[in-house]
Every structure is written in structure tokens, then in C-alpha cells.
Amino acid sequence: MRKSSFSSPWLLSGLLMIFNGGSALAQANPESIHICHENEDAFPWLLKDKPGYSQIMMAQLEKQLGIPVKLMPMPWKQCLAELKAGKVDGAMNASFSAERAEFAQYPLKLDGEADATKRMYRATYALYKTKGAAVGWDGKALTANGTVGAQTGFSIVALLKQLGAKVEDSSPTADELLGRVASGRYIAAALQTTEADNSLAAVPSLQAKVERVAPPLVEKAYYTIFSKPFFAKHGQTAREVWRLQGKLRESPEFKAQVSHLMKSVD
């Protein structure tokens with residue numbers, strides 16, 4: 001008697017591939033995503049006493065992604081070290097640097113450059129100097145005959161060194177750096193403009209001594225980045241995070257929440 005075609009080893013192999021493929025797809029998404037970030041206020045992106053821009057984005061992303069996103073505040077230098085070691089899945093509010101790209105996965109275009117359409121936001125850096133200090137910046141050349149301060153582990157340090165500045169990055173906060181500029185310890189500090197301007201507006205004594213130098217030093221795009229091990233195992237999830245962040249930036253619900261945040265500090 002002729003054997004049924006259902007006993008064919010080829011068919012059995014095909015069925016196993018389907019079942020195994022289904023199992024692989026089921027394992028593609030992680031149970032949760034652990035993302036570290038700077039543990040100091042960075043207005044308006046990160047705030048301690050209420051959700052900032054990035055925390056609002058992550059809360060909305062979590063709902064759309066359907067995967068718990070656990071945010072882990074810690075010193076930025078530690079955050080990057082734990083990402084490099086694979087102890088956390090990702091880090092948020094990270095600008096691009098070649099050094100970080102060696103151990104972290106950014107959203108990339110076909111040419112290998114970071115894809116700014118998948119960013120969380122853009123922000124500018126500027127120099128803040130004591131009023132009357134001999135600090136000059138014309139968009140190309142920097143004149144600063146003294147030490148320029150920067151936050152610990154921030155990518156702006158590399159640019160300042162390229163421009164020939166003497167840099168000290170021993171402070172974690174913008175407020176502390178502005179205080180050091182006002183006291184004369186630093187001739188200037190390189191800070192994100194939204195955060196530094198907010199700090200100056202809140203402290204009249206600082207505003208009386210410190211001013212922003214025009215034009216901005218640089219504008220940077222900021223991303224959620226992932227560890228190499230996480231991306232190797234859950235690359236599709238990482239790509240979905242980037243896709244959703246690009247979409248969320250323009251959503252009416254997100255814009256409304258960010259607008260409310262900004263009004264609450266006026």
C-alpha cells in the first residue's frame with residue numbers, strides 16, 4: 001500500500017521549521033526593557049520631581065510597544081559603563097559619538113550615519129561665560145584662555161578638545177558648572193542651552209554674572225541606544241522603539257503633554 005504523503009520526512013521537516021519559527025518569533029520580544037539615564041535634572045528632558053520630556057515619551061512608548069520599560073536613573077558615566085558591560089539594555093538621551101558607537105547600537109541609515117529621524121529630540125550646546133570674560137566663538141574658532149567646564153561623561157568634551165580648549169569635566173550638573181563660572185574657577189562652561197537658560201532664570205545672582213555666548217557651539221540629536229548584546233537578541237524590538245519615538249515626537253497627545261510641562265514651569 002502506498003504511504004500517505006503526510007508521512008513524508010520533507011513535510012515533517014517543514015512543520016518543524018514552522019513551529020520552531022513561531023517559537024523564535026515568540027522569543028523575539030524581551031519581557032521588559034531596562035533603560036538607564038542621567039540621575040540629575042536636565043530641563044526639560046529629565047526631571048526628578050515630575051516627568052520630563054523623555055520620561056513622558058517613554059511612558060507613551062511603553063503603552064504602544066506593549067513591553068514594560070523600566071527607567072533606571074544613575075550618574076551618566078555609570079550608565080554608559082553599565083551599557084557597555086551589558087548590565088542594562090539601553091540608555092536614553094544619548095547623542096552620537098564614535099566612541100559610544102563601538103559598544104552601543106544607534107539607529108543607522110544605509111550609509112552608516114545615525115538616523116536623526118529616529119531621534120528623541122534635538123538640543124543645542126552653547127558656551128556660558130562670566131560677563132566681560134575674553135571668550136570668543138565665531139562658529140569655527142574658539143578663544144578661551146582658561147579652563148572650560150563640562151559635565152562628566154558628556155560628548156561635548158570631545159568637541160571642546162578638538163577646538164583646543166583646556167577642559168575639566170568633573171561636575172555632574174549644570175547648576176554647579178554655572179556656579180564655578182560665576183566664581184571665576186572656569187572661564188566658561190559648555191552646556192545645553194535649554195537647561196542652562198532655565199538655571200540662570202531661576203537664580204538671579206547667577207544671571208547677573210553669567211551670559212551665553214552666541215552662536216551655539218553645536219546642535220545634536222539625542223537617541224535611545226541599546227547594548228550590543230540586547231540588539232543582537234532583540235534587534236526588531238529596538239527598531240520598533242526607534243520607529244515609535246520618531247512617530248511620538250509629532251503626535252498631538254505627546255505635544256500636549258510637553259506643552260503642559262513647559263507651562264508648569266513658567
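**Helix crossing, enclosed space and backbone geometry**

Helix α2 passes α9 in a right-handed crossing, a crossing being right-handed if the near helix is turned clockwise from the far one by less than a right angle and left-handed if anticlockwise. The model is predicted, so that local features need pLDDT of at least 70 and side-chain atom pairs count only at pLDDT 80 or more, whereas totals for chains, interfaces and linings use all residues. Residues are numbered from 1 along each chain as its sequence is written, and side-chain values use heavy atoms, with hydrogens and water left out.

Two packed helices are described by the angle between their axes and the distance between the axes. For α2 and α9 (residues 228-248), the packing angle is about 120° and the axes are 10 Å apart. The helix α2 is therefore oblique to α9; angles under 35 degrees count as roughly parallel, over 145 as roughly antiparallel, 65 to 115 as roughly perpendicular and the rest as oblique. Axes are lines fitted to C-alpha atoms, for helices over the stretch in contact, and angles run from 0 to 180 degrees between N-to-C directions. Helices (H or I, at least four residues) and strands (E, at least two) are DSSP runs, numbered from the N terminus.

Rolling a probe the size of a water molecule over the atoms shows where empty space is left. On a 1 Å grid over the protein atoms alone, a cavity is a set of points where a 1.4 Å probe fits but cannot get out, a pocket is an open set with protein on both sides within 12 Å along at least five of seven lines, and lining residues have an atom within 4 Å of a point. Grid points are joined across faces, edges and corners, and a volume is the space filled by probe spheres set on the points.

The structure contains 1 cavity of 30 Å³ or more; the volume of the largest cavity is about 190 Å³. Its lining comprises 20 residues, with E38, N93, F154, Q192 and Y222 nearest the centre. Strands β3 (90-95) and β5 (121-130) each supply at least two lining residues, and β3 gives the most, with 4 residues. By class, this lining has 10 nonpolar, 5 polar and 5 charged residues (nonpolar: Ala, Val, Leu, Ile, Met, Phe, Trp, Tyr, Cys and Pro; charged: Asp, Glu, Lys and Arg; polar: the others, Gly among them).

Residue N93, in strand β3, has a positive phi near 65° although it is not glycine. N93 is buried, with a relative accessible area of 11% (buried is under 20%, exposed over 50% and partly exposed in between, with a 1.4 Å probe and protein chains only).

The largest pocket holds about 590 Å³ of space. Of its 23 lining residues, S97, E99, R100, G153 and F154 lie nearest the centre. Two or more lining residues come from each of α3 (76-84), α4 (98-101), α5 (156-162) and β12, the largest share, 5 residues, being that of α5.

The second largest pocket has a volume of about 280 Å³, and among its 16 lining residues D41, F43, D175, N198 and S199 are closest to the centre.

Cis peptide bonds join F43 to P44, with omega about -5°, and A214 to P215, with omega about 0°. P44 is found in the loop between β1 (33-38) and α2 (53-65), and P215 in the loop between β11 (210-212) and β12 (218-227).
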